[in-house]
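Visitor: I'd like a quick tour of this model, please. Could you start with how the helices pack?

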Amino acid sequence: MTTYPLLDTINHPARLRELERRQLPELAEELRRFLVESVSRTGGHLSSNLGTVELTLALHYVYNTPEDRLVWDVGHQTYVHKILTGRREGMSRLRTHGGVSGFPKRSESEFDTFGVGHSSTSISAALGMAQATKLKGEARHTVAIIGDGAMSAGQAFEALNNAGVADANMLVILNDNDMSISPPVGALHKHLARILSGSTFNAARKAGEKMLSVSPSLLEFANRVEGHVKGLLSPGTLFEELGFNYIGPIDGHDLDALIPTLHNLQKLQGPQFLHVITRKGQGYKLAEADPVRYHGVSKFQPDLGLDGEKPGDRPSYTRIFGEWLCDMAEADERLVAITPAMGEGSGMMRFAERFPTRYFDVGIAEQHAVTFAAGLACEGLRPVLAIYSTFLQRGYDQLLHDVALQNLPVVFALDRGGLVGADGPTHHGTFDLSYITCIPNMVVMTPADENECRQMLTTAYHLDGPAAVRYPRGAGCGITPEKALATLPVGKGEIRRRGQRVALLAFGAMLGPALDAAEALDATVANMRFVKPIDRELILQLAAEHSLLVSVEENVLIGGAGAEVARVLEDAGSTARFVRIGLPDSFIDHGDQALLLAEAGLDKNGILKKVHSCLKPQDKQ
Ligand SMILES: Cc1ncc(C[n+]2csc(CCOP(=O)(O)OP(=O)(O)O)c2C)c(N)n1
């Protein structure tokens with residue numbers, strides 16, 4: 001007998017829509033069980049998916065997907081959507097190389113209307129789709145589903161501001177679980193909490209439940225909404241002011257509330273806003289109790305839950321950063337630290353506990369985070385902005401125009417630089433060396449080990465201008481950093497191994513594979529440390545002493561560290577033979593980090609292969 005009798009029959013939402021409504025709670029229960037079982041085997045996002053089971057079910061039940069467009073924000077909560085749209089079997093290879101992506105992806109399914117991974121794009125994209133539908137004279141529904149965390153970003157408000165006057169037929173669903181990855185922050189959160197905590201909400205919910213369950217006709221529904229829900233809640237909610245017809249809040253785990261409401265909303269014209277309340281981790285006790293820890297999980301046993309960090313695990317660069325932050329803050333009271341909603345992921349929780357007044361979680365708002373740091377620096381403080389490489393892309397003009405142009409001393413602690421693995425192309429931090437190095441005043445460093453990471457952070461901290469320290473996801477080499485807060489000479493690399501004919505110029509974490517390859521080649525290896533200012537003297541010395549120079553970096557080749565080496569050689573009129581190893585001009589899919597590195601030629605074998613292909617007979621004595 002199958003464990004999922006109903007789910008087994010659903011391989012397309014059309015099949016789901018043939019079910020009777022009374023069957024849906026059972027399907028929801030099967031989906032929830034399937035989710036826990038499947039994610040416990042693969043790892044992935046858990047709490048957010050458990051929280052959107054009924055909402056996803058109701059959307060595919062009511063809307064004619066894929067003809068009607070569902071546009072998910074962030075996309076980490078789309079596992080049920082994937083399961084219901086023919087990818088259930090693929091879930092066993094979720095986030096593995098060649099397997100199902102952890103996020104919606106247009107090339108993966110016609111149901112994935114918009115590729116995503118970074119947050120707060122759904123309303124903009126849905127508005128574009130709705131306007132296109134109108135221009136083409138087509139009729140279909142467009143729905144954006146966005147969490148309360150993602151709603152805090154500027155782009156979401158830019159889109160609301162535009163949609164409210166664009167008269168587009170679209171529905172925005174706010175999936176409010178009162179959580180981002182961490183507890184939510186900011187005035188919007190307070191606004192939503194006020195709606196929910198007020199006695200008016202409870203009265204409204206009762207009235208709403210009664211009203212919605214009888215499925216009134218369109219006109220009656222609209223009148224009742226006007227008369228009851230809106231009147232009972234603060235009449236001019238923020239979203240109403242922005243030009244939306246605000247409905248809710250309703251219980252997002254109650255199919256009897258969701259389905260009639262969605263049916264009725266389908267009939268209304270213009271921009272609609274439905275506020276849905278859900279619980280992160282719903283239905284799995286451990287995740288309900290600790291949604292932060294169960295936001296993104298590695299493999300675990302469902303009955304036991306997640307293990308803690310095992311003793312003997314090598315500390316991650318993230319942890320090295322977190323420890324440095326506390327030590328530096330102790331040494332200098334001007335230090336303030338900022339995170340755009342990634343306090344846990346960036347290793348800042350100990351700092352937050354120890355120095356609460358100097359810790360700023362600004363919400364998912366990277367642009368604001370960068371300019372906010374600039375403001376702090378203007379007043380003589382020393383801001384450290386911890387931000388994933390991929391998310392700094394969001395704050396690019398702020399980095400250039402607000403920080404670098406004014407030469408303000410902001411430290412960018414860039415986590416997840418390079419290939420991140422299972423999260424895939426939306427999250428790889430493989431562009432930062434290119435996009436930062438071209439900005440005047442920036443100093444850019446790439447640590448090769450934990451100790452160097454600490455030294456580089458200290459070096460960056462003591463500079464009088466902006467600097468980025470870019471370190472990879474995961475553990476380092478296992479070196480315990482010295483406790484001292486030592487600095488490094490700016491713009492200087494070091495020779496780590498002396499050999500002949502070939503010199504490998506390694507940047508950051510590529511030092512390890514370069515040293516391994518050098519053993520087989522008897523090559524010289526330089527740990528370059530700085531991408532900018534790059535060590536010109538060292539490069540020219542190596543060029544003079546070797547037949548072949550090879551740079552190795554975990555960044556796209558275009559505009560990366562190797563491009564800086566090439567510039568130095570060209571400017572000096574050097575005729576040295578030089579090749580670059582790095583990432584190609586293409587987006588790299590998700591998969592195991594080590595596997596992706598090997599595929600890109602960024603391991604010992606890849607380096608050997610490249611060097612052998614470039615050596616000439618006269619080099620080989
Ligand atoms: C631009 C950007 N910054 C940060 C993140 C990391 N991130 C992924 S999910 C998430 C929290 C989203 O909260 P919410 O929208 O409320 O969804 P929930 O997980 O609560 O369902 C964050 C900060 C991201 N994906 N994109």
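Guide: Happy to. α4 crosses α5 in a right-handed way (right-handed if the near helix is turned clockwise from the far one by less than a right angle, left-handed if anticlockwise). Helices here are DSSP runs of H or I, at least four residues, and strands are E runs of at least two, numbered from the N terminus. Before we go on: this is a predicted model, where local features need pLDDT of at least 70, side-chain atom pairs count only at pLDDT 80 or more, and totals for chains, interfaces and linings use all residues. Residues are numbered from 1 along each chain as its sequence is written, and side-chain values use heavy atoms, with hydrogens and water left out.

Visitor: Is α4 parallel or oblique to α5?

Guide: The axes of α4 (residues 53-62) and α5 (residues 79-87) are 9 Å apart, at an angle of about 40°. Axes are lines fitted to C-alpha atoms, for helices over the stretch in contact, and angles run from 0 to 180 degrees between N-to-C directions. Under 35 degrees is roughly parallel, over 145 roughly antiparallel, 65 to 115 roughly perpendicular and the rest oblique. So α4 and α5 are oblique.

Visitor: Which residues of α5 meet α4?

Guide: From α4, the partners are Val-53, Thr-56, Leu-57 and His-60; contact means heavy atoms within 4.5 Å. On the α5 side they are Val-80, His-81, Leu-84 and Thr-85.

Visitor: What does Leu-27 touch, leaving aside neighbours within four places in sequence?

Guide: Among its contacts are Leu-6, Leu-7 and Ile-10.

Visitor: Is Asp-68 buried or exposed?

Guide: Asp-68 sits in the loop between α4 and β2 (69-72). Leaving aside neighbours within four places in sequence, Asp-68 contacts Tyr-63, Arg-140, His-141 and Gln-266. The cut-offs are under 20% relative accessible area for buried, over 50% for exposed and partly exposed in between (1.4 Å probe, protein chains only). Asp-68 has 7% relative accessibility, so it counts as buried.

Visitor: How far apart are the axes of α22 and α23?

Guide: Helix α22 covers residues 536-545 and helix α23 residues 561-571. They pack at an angle of about 70°, and their axes are separated by 10 Å.
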